[in-house]
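User: Hi! Could you walk me through this one with me? I'll ask as we go.

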Amino acid sequence: MARTELVSKAAKRKRAFWRTLMYIAIAAFFLWTTLPLLIMALSSIKEHRDAFQIPQVGDWLGALKIASFSPTFHHYTDLFTKEHFAQFILNSVIASGSASIIAVSLGSLAAYGLARGKIPGEQHLSFWILSTRMAPVVAVMVPLYSIFTGLGLLEPSRWRNLLGLILAYTTFDLPFAVWFMRSFFEDIPVELEEAAKVDGCSNLKAFRKIILPLAMPGIVAALILCLIFSWNDFIFASIFGQQAAKTLPVATSELHSTVSIEWGGILASGTLLVVPMLFLGLLVKKYLVQGMTMGAVRQ
Amino acid sequence: MDVTRREALKKIGLGGLVLVGGHIVKSPLGLTQLAHASDDKKWKQFAGSKIVFMSEDTPPTAAIKSKIKPFLELTGIDIEIIEEHLDIVAEKVGIDVRGRKGAYACYYSQDKPIGAPFYKHAEDLRKFEKDPTLPKVPDGTGSDVWLHRFLDITGRFYDDPKIAAYPYDNAVAVMMYRKDLFEKYSPNFEAETGKPLVYTDKTTWKEVLEICKFFKKAKFPDVKYGIALQGREGWGGQLDYQRVSYANGMWLEWDFDDYFGAVNPGPCKWGDEQSIMTMGNYKELMKYAHPDSLTNDWSGANTAYITGLAAMQPQYGEFAAVVEDPKQSKAAGGRTVYDLCPKGDPSWIVGNGKAVNGTNFGIGGIAINHWAKPELQKAAYLFALWSTSHDTQYMVLKDVGGTPTRKSVFEMPDVKKAFVRATAPMKKIKPVEMDKGVMVDKVPLMPNALTYGPILKGIWKPDTVVGPKVPKFNEYIQIQTSEIQKCVAGLKSPKEACLEIKKKTDRLFRV
Amino acid sequence: MAHLKDGTMSQNVSPLQSENAFSRLFDRIKGMLPFHLWIMLPTIIVLAAITIYPFIWMIVMSFKETAMNPGESDIWVGLYNYTRLLDDEPFINGVKLLLWYFLLCLSIEVLVGTSVALLINNVKWENFFIIIFIMPMMVAPIIVGYLFRFLYNVSFGWGYWLLKSSGLMSGETILANAKPWLFSFFPSTAFMAVVAADVWEWTPLIILIVLAGLKAVPQDQLEAARVDGAGPVRTFLEVTLPNIKSVLLIALVVRFMDNVRYIDLIYVLTKGGPADTTKILPFYLYNVSFRYFEFGRGAAIGFILLLFTIFMGLFFVNVVFKKKKEVSNSG
């Protein structure tokens with residue numbers, strides 16, 4: 001009796017040790033992630049002169065001064081009054097949103113086809129789809145520029161330029177969506193569709209009624225990731241976005257002009273970029289992680 | 001007659017100017033010519049056409065963009081001004097002209113990075129000058145209306161008589177230093193070296209190095225380093241190095257006339273004794289400069305200077321606007337003095353080379369795209385004329401801080417007064433606390449003009465260095481700066497670095 | 001298409017016939033390809049339309065020296081654009097650095113990302129952690145570049161201050177430091193600084209994807225392992241890892257491809273300097289194509305990069321397929 005108690009005590013101590021280590025690791029990663037964000041957010045509400053103050057090296061107490069300043073929100077208001085950030089945000093939302101939706105709708109069909117179809121050379125086909133995302137952007141920029149000019153997407157018109165951006169984003173979102181969703185479709189048992197077909201469902205109907213709802217978490221996950229990729233794009237937007245369809249990352253980079261880097265504005269814009277995450281985070285929580293029913297289905 | 005004249009004045013946005021100055025009579029504006037009915041038609045003939053000007057995001061462009069209304073009223077041309085980083089401008093213009101698209105009717109043509117490789121894609125401006133259907137500006141556009149040889153610098157390339165661009169802005173390097181710090185620490189410096197701590201146009205790079213060593217060693221609370229340099233990869237680094245290498249013995253990579261450049265420059269002089277010596281000295285300078293100097297470009301160096309970390313910086317005149325802004329800068333409020341770049345030092349020169357105040361620059365021109373439609377080219381030419389005209393440059397300088405290129409602007413009495421801080425017109429601002437108890441409540445109206453004294457001195461031979469204008473300039477400077485950086489970082493000896501540049505550069509130009 | 005035809009035909013034939021004709025036509029078209037190929041068609045068409053021409057252009061260009069000036073024409077130079085790379089120092093340096101970049105970014109991201117995902121899986125504050133941890137992904141790489149340039153700055157960077165104060169770094173500067181970090185065979189400090197920014201932004205992607213995979217690990221298998229008395233390490237290796245392998249590999253392939261495709265971070269942070277120590281191959285390609293405007297040379301480098309990516313991609317993908325076969329064999 002006493003012995004088992006002893007053992008369990010030792011085990012408990014061991015578990016406590018690991019648990020502490022685990023908390024330390026999480027805390028360390030938490031700091032690593034949040035400190036840059038915190039400094040970004042704090043600096044974005046400081047005057048440049050305050051933002052440029054750091055204590056002497058080794059002066060740990062002096063670091064507390066990071067919080068002593070009189071806050072100003074003019075970097076934020078400047079973004080919307082002096083620059084046209086409201087419009088740039090809208091451009092970003094339209095371009096990345098549409099591209100992601102297109103990519104996920106076309107991609108879910110293709111992914112399902114790849115997952116289920118017994119197509120000769122399926123492996124090659126699927127790899128080709130992936131490989132379209134592999135070419136270095138810089139190397140294909142010139143021919144893409146020709147295609148875009150030919151389609152009239154670079155004329156100075158907001159909608160044409162936005163359309164161009166949507167097309168450009170689709171080129172890298174679509175292959176990703178196909179590949180990402182394929183494994184989700186593969187995880188859904190074939191028996192479910194077969195049962196539906198026995199009940200008289202057509203292929204398409206079985207896909208719509210049975211498969212899509214089951215794959216929803218995967219689809220939403222793909223949508224979120226596509227959104228992130230196109231939301232973050234710089235190089236396509238800087239070449240194809242032109243003036244009329246300037247997106248948030250491009251507009252932010254332009255705060256670095258020849259004579260100065262508008263740190264306040266850049267950091268304010270970076271902080272603004274994180275905000276949608278709070279909303280997306282709720283979606284992520286619902287679908288990407290908790291709603292992941294694949295495992296349950298597989299059982 | 002009088003009525004049309006006033007109307008014309010209004011049209012080019014000068015209504016107020018007549019009342020303010022009365023210099024109109026003095027400076028040969030030739031307004032009657034502008035107001036002439038047929039000329040008015042000439043300005044208006046492309047009303048309704050739409051052109052794009054692709055420009056670097058420099059102060060003059062921002063200024064012109066905010067003051068574009070008079071141009072719209074004068075011509076009726078719908079112009080879109082795109083402001084981008086120089087990198088992106090080069091990228092977009094390059095893709096456009098090499099793809100023969102002509103989407104940008106006019107573009108910003110920085111003399112070496114854009115002009116030298118692409119000048120053939122620019123229309124010959126002499127064609128428009130000769131065209132009787134196009135208007136002219138008062139004073140004209142001949143080479144003597146611009147600052148000394150600026151038209152050659154931005155417009156002429158190699159042995160081609162073509163004029164590819166008009167001088168649009170001027171970014172000439174000057175030395176900016178903190179007078180307050182120099183005065184404050186002069187006794188300390190004197191105790192150590194026996195010399196007062198001063199900077200003049202006779203100060204040499206070697207003395208600058210000495211000052212840097214002093215500041216770095218002393219660790220004063222209000223300044224850490226002597227100088228902030230701009231050794232970043234690419235053009236910034238090339239210009240930064242050139243200011244030292246040219247000052248010491250007027251060393252150039254090639255012997256051709258640097259105003260015009262050469263398509264086939266022949267073997268370069270890298271690897272000779274002078275180049276190796278300068279490389280070693282530059283490394284030494286970097287060692288005592290602000291530690292980020294190898295990754296800073298002009299704006300990075302300026303940040304180090306305005307945050308009070310460096311007591312000196314060789315910098316382009318247009319940065320004065322930021323330096324003099326007390327909200328951003330600890331060097332504002334009369335603390336900064338502008339002078340010529342440092343001189344070469346006899347002991348840094350091999351043989352009997354001359355020591356000069358090595359001054360260089362990036363002068364942006366405005367060029368007309370060869371691939372744009374002829375009609376749009378002409379419309380773009382009107383913009384080129386207007387944006388580089390005396391009136392526009394003067395207006396922009398006064399209101400928002402431009403960088404004029406026409407001599408006549410520098411001769412305006414109020415601009416002349418603004419050269420010197422004591423007489424410069426000031427404007428009141430909301431008081432800003434610089435240090436404890438030190439308030440600044442006014443700033444110069446034309447901060448950039450404070451640099452014009454040294455600029456107007458520095459742009460003449462022998463102090464000035466223009467080149468190298470070579471078609472493969474952009475690759476050449478990559479070769480050069482990456483080897484310089486290797487040397488500064490201690491990965492290569494100065495000799496190895498110079499010989500490597502020699503090898504790669506000669507191969508680049510197929511010598 | 002089919003629908004349109006139906007519209008024109010219905011004028012000549014009776015409704016009943018038309019329906020027959022329409023459905024017959026529809027069936028015939030439908031029958032031409034299997035259902036699963038039909039639904040893939042839109043994707044294939046879109047991707048082909050936008051990638052085939054650039055691909056051919058790239059190959060053709062790589063055999064040419066493109067004309068710089070109007071009136072000149074491109075010159076065929078055969079394999080010169082490829083052979084010249086053999087003794088092109090920036091190219092070789094770029095390849096070497098690219099391999100380092102992959103090695104460091106991918107291994108750190110996968111290691112840290114997987115560990116963090118395992119740690120926060122099913123803890124009390126999991127949702128809170130997820131939301132916090134994925135925030136860096138939303139900050140566009142170009143702005144992450146500026147943020148880290150701000151943090152690394154000697155004059156006012158908190159990152160610099162922290163590194164110096166904690167004694168983790170001896171040099172006077174981060175981004176201008178071409179000296180190796182830690183060990184003498186390591187890449188420069190500036191390079192590590194770029195890697196750190198990449199890791200900061202993209203470890204969350206791995207966390208997210210692994211976490212999603214973890215939720216899909218069947219509970220019964222975990223139960224069985226526990227009954228067997230397997231420790232956490234063995235459980236991870238034998239149960240969890242095989243289950244999350246395929247999502248993990250997708251994450252890896254995506255990170256791998258984007259490391260080749262994008263240069264945003266280096267573009268803002270170092271421009272390839274100091275002393276070429278951050279000039280990874282894609283950045284050199286950027287210089288060749290958009291600084292020197294040598295499209296032919298750029299195309300050759302681009303093509304080599306593409307082949308390399310495809311090769312590595314095939315390698316990764318084959319691992320995925322192998323895993324799949326194993327599963328189907330065992331099951």
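Analyst: Happy to. pLDDT is the predictor's confidence in each residue, from 0 to 100. We need that term here, as this is a predicted model.

User: Good. What is the mean pLDDT of chain A?

Analyst: Chain A has a mean pLDDT of 83, and 91% of its residues reach 70 or more.

User: Where in chain A is confidence lowest, and where is it highest?

Analyst: The lowest is helix H13 (residues 294-298) of chain A, with a mean of 40. The highest is helix H4 (residues 85-116) of chain A, at 91. There is also a stretch to read with care: across residues 290-299 of chain A the pLDDT is below 50. Beyond near neighbours in sequence, that stretch has 22 contacts in the model.

User: Noted. How is chain A split into domains?

Analyst: The domain assignment of chain A gives domain 1 (2-72) and domain 2 (75-298). Taken over C-alpha atoms, their centres are separated by 34 Å.

User: And how many residues does each domain of chain A put into the contact?

Analyst: Domain 1 of chain A puts in seven residues and domain 2 of chain A eight. On the domain 1 side, helix H1 (2-44) and helix H2 (48-51) of chain A are the elements that give two or more residues. By class, that domain 1 side has four nonpolar, three polar and no charged residues.

User: What about chain B with chain C?

Analyst: That contact takes 30 residues from chain B and 25 from chain C. Helix H7 (86-98), helix H15 (298-306) and helix H22 (473-488) of chain B each supply at least two residues of the chain B side. H22(B) accounts for the largest share, six residues. The chain B side divides into eight nonpolar, 13 polar and nine charged residues.

User: Let's stay with chain C. Which domains is it divided into?

Analyst: Chain C has domain 1 (2-76) and domain 2 (88-330), and their C-alpha centres lie 38 Å apart. Their contact takes seven residues from domain 1 of chain C and six from domain 2 of chain C. For the domain 1 side, the elements giving two or more residues are helix H4 (41-61) and strand S1 (64-65) of chain C. H4(C) gives the most, three residues. That side divides into three nonpolar, two polar and two charged residues.

User: Last topic, H9(C) and H11(C). At roughly what angle do they cross?

Analyst: The axes of helix H9 (residues 141-152) and helix H11 (residues 189-215) of chain C come within 10 Å and cross at roughly 130°. H9(C) and H11(C) are therefore oblique to each other.

User: Is that crossing left-handed or right-handed? And which residues meet?

Analyst: The crossing of H9(C) and H11(C) is right-handed. From H9(C), the residues are Pro141(C), Val144(C), Gly145(C), Phe148(C) and Tyr152(C). They meet Ala193(C), Ala197(C) and Glu201(C) in H11(C). By class, this helix contact has six nonpolar, one polar and one charged residues.

Definitions and conventions:
Residues are numbered from 1 along each chain as its sequence is written. Chains are lettered from A and ligands numbered from 1 in the order in which they are written. This is a predicted model: local features need pLDDT of at least 70, side-chain atom pairs count only at pLDDT 80 or more; totals for chains, interfaces and linings use all residues. Two residues are in contact if their C-beta atoms, placed from the backbone, lie within 7 Å. Helices (H or I, at least four residues) and strands (E, at least two) are DSSP runs, numbered from the N terminus. Ala, Val, Leu, Ile, Met, Phe, Trp, Tyr, Cys and Pro count as nonpolar, Asp, Glu, Lys and Arg as charged, and the others, Gly among them, as polar. Domain bounds come from an automatic or database domain assignment. Axes are lines fitted to C-alpha atoms, for helices over the stretch in contact, and angles run from 0 to 180 degrees between N-to-C directions. Angles under 35 degrees count as roughly parallel, over 145 as roughly antiparallel, 65 to 115 as roughly perpendicular and the rest as oblique. A crossing is left-handed if the near helix is turned anticlockwise from the far one by less than a right angle, and right-handed if clockwise.
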